[in-house]
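Hi,

Here is the structure I promised to send over. Have a look at it first, and then read on for what turned up.

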Amino acid sequence: MRDRAVTVIIPTNRGGRYLEEAVASVRAQTAPVREILLVDDGSPEPGLSEIASGLGLRYLRQPASGLSVARNAGAAAAEGEWIAYLDDDDVWHPERIEEQLRALVTMPDAVAVCTGGWYMDADGVTFGSGWGARQATSAQMIAYDELPPRITTLLIRRDSFLTEGGCRTAMEPAEDNDLILRLLQIGEFANVDRQLVGYRRHSANVTSRGLAGREANRRVVLDQLRNARLRGDRELTGLLRRHRRAFRRYAAAENLGEFIAATRRRDTPYAARLAVWGARRAPWTSITALAARLGRRESRTG
């Protein structure tokens, strides 16, 4: 199990006050990793190079090119057979890598291994119930019958990542979901149903993306559905159609929630954009989401 070399890749353009804690959580792993590679996406010099040196990290710098390019550069330079991405403000449970490598003993041909995770605030205090990762087939996750994993929890076979072309800049800020859907099409994932990744939510979080994220995820599903049709893959086309229906439901509900919040804070321009998106992209599911919300409100007041 410990012969499988793991490279941890930290793509960042800021470093930030949490980076040392993030690195410490990797160093505390019960199954040590081969290397920690910090990919500097065009931060002001010389800051990050000095920080990387002080923390004993392997350092790679590129002109500011975005998260997808940084992730791809890290994977191309990695020495390990397996790669794991670490956001500069997240932390890992000490048993994360050991548990994921153990899962590969029973599923040696898996292209990736995922886990669950927990949420924490800017001060590292846990909140909410987090999420799990019960075992599911690739087909179930492609169809969204079971939730696909998050890239922050994945241990990915490096060769599979490179074969699939890595992350696609054109799909940002949903390039991670696009990659995961493509990996699911070439093999199975092993799931470790434990919360082993701490995901930090704070004001500078790049994944607080709302409308832009929904539109990007819509592009991802439509692009992959189109490609499946062009290949004549009827089974995959059916799975992705189910995914598209599920996306419309959850995106409409999220969009409505954001619309209500924007209206309450009197952010009229953003509220108008949200209303237009719902009417154009998911009209019937937006109406259904509104009816469901009104029904819940009526039952509470009744």
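In which helix does Glu175 lie? Glu175 is part of helix α7, which covers residues 175-184. Bear in mind throughout that this is a predicted model.

Let's stay with Glu175 for a moment. Its relative accessibility is 3%, so Glu175 counts as buried, given that the cut-off for buried is under 20%. Leaving aside residues up to four places away in sequence, Glu175 touches Leu67, Ser68, Arg71, Cys167 and Arg168.

Now the aromatics. Searching the whole structure gives six aromatic pairs. One of them joins Tyr85 and Phe161: the centres are 6.1 Å apart, with 50° between the planes, and the pair is tilted. This pair links distant parts of the chain, as Tyr85 sits in strand β4 (residues 82-85) and Phe161 in helix α6 (residues 158-163), 76 residues apart. Tyr85 and Phe161 are both buried.

Another pair is Tyr119 with Trp131. Tyr119 belongs to strand β6 (residues 112-120) and Trp131 to strand β7 (residues 126-131), and the two are 12 residues apart. Tyr119 has a relative accessibility of 12%, so it counts as buried. Trp131 is buried as well, with a relative accessible area of 12%.

What else is around these two rings? Tyr119 and Trp131 belong to one aromatic cluster together with Phe127 and Tyr199. Arg150 lies over the face of Trp131, 3.8 Å from the ring centre. Over the ring of Tyr119 sits the charged end of Arg201, at 4.4 Å from the centre.

Last, a helix pair. The axes of helix α1 (residues 19-27) and helix α2 (residues 47-55) come within 11 Å and cross at roughly 30°. The crossing of α1 past α2 is right-handed. On the α1 side, the contact is made by Leu19, Glu20, Val23 and Arg27, and on the α2 side by Leu48, Ile51 and Leu55. Sorted by class, that contact of α1 with α2 has five nonpolar residues, two charged ones and no polar ones.

Cheers

Methods:
Residues numbered from 1 in each chain as written. Predicted model: local features only at pLDDT ≥ 70, side-chain atom pairs only at ≥ 80, totals over all residues. Heavy atoms only, no water. Axes fitted to C-alpha atoms, helices over the stretch in contact; angles between N-to-C directions. Helix = DSSP H or I, 4+ residues; strand = E, 2+ residues; numbered from the N terminus. Left-handed = near helix turned anticlockwise from the far one by under 90°. Contact = heavy atoms within 4.5 Å. Nonpolar A, V, L, I, M, F, W, Y, C, P; charged D, E, K, R; others polar. Phe/Tyr/Trp six-rings, centres within 6.5 Å; stacked < 30°, edge-to-face > 60°. Buried < 20%, exposed > 50% of the residue type's maximum accessible area, 1.4 Å probe, protein only. Lys NZ or Arg CZ within 6 Å of the ring centre and 35° of its normal.
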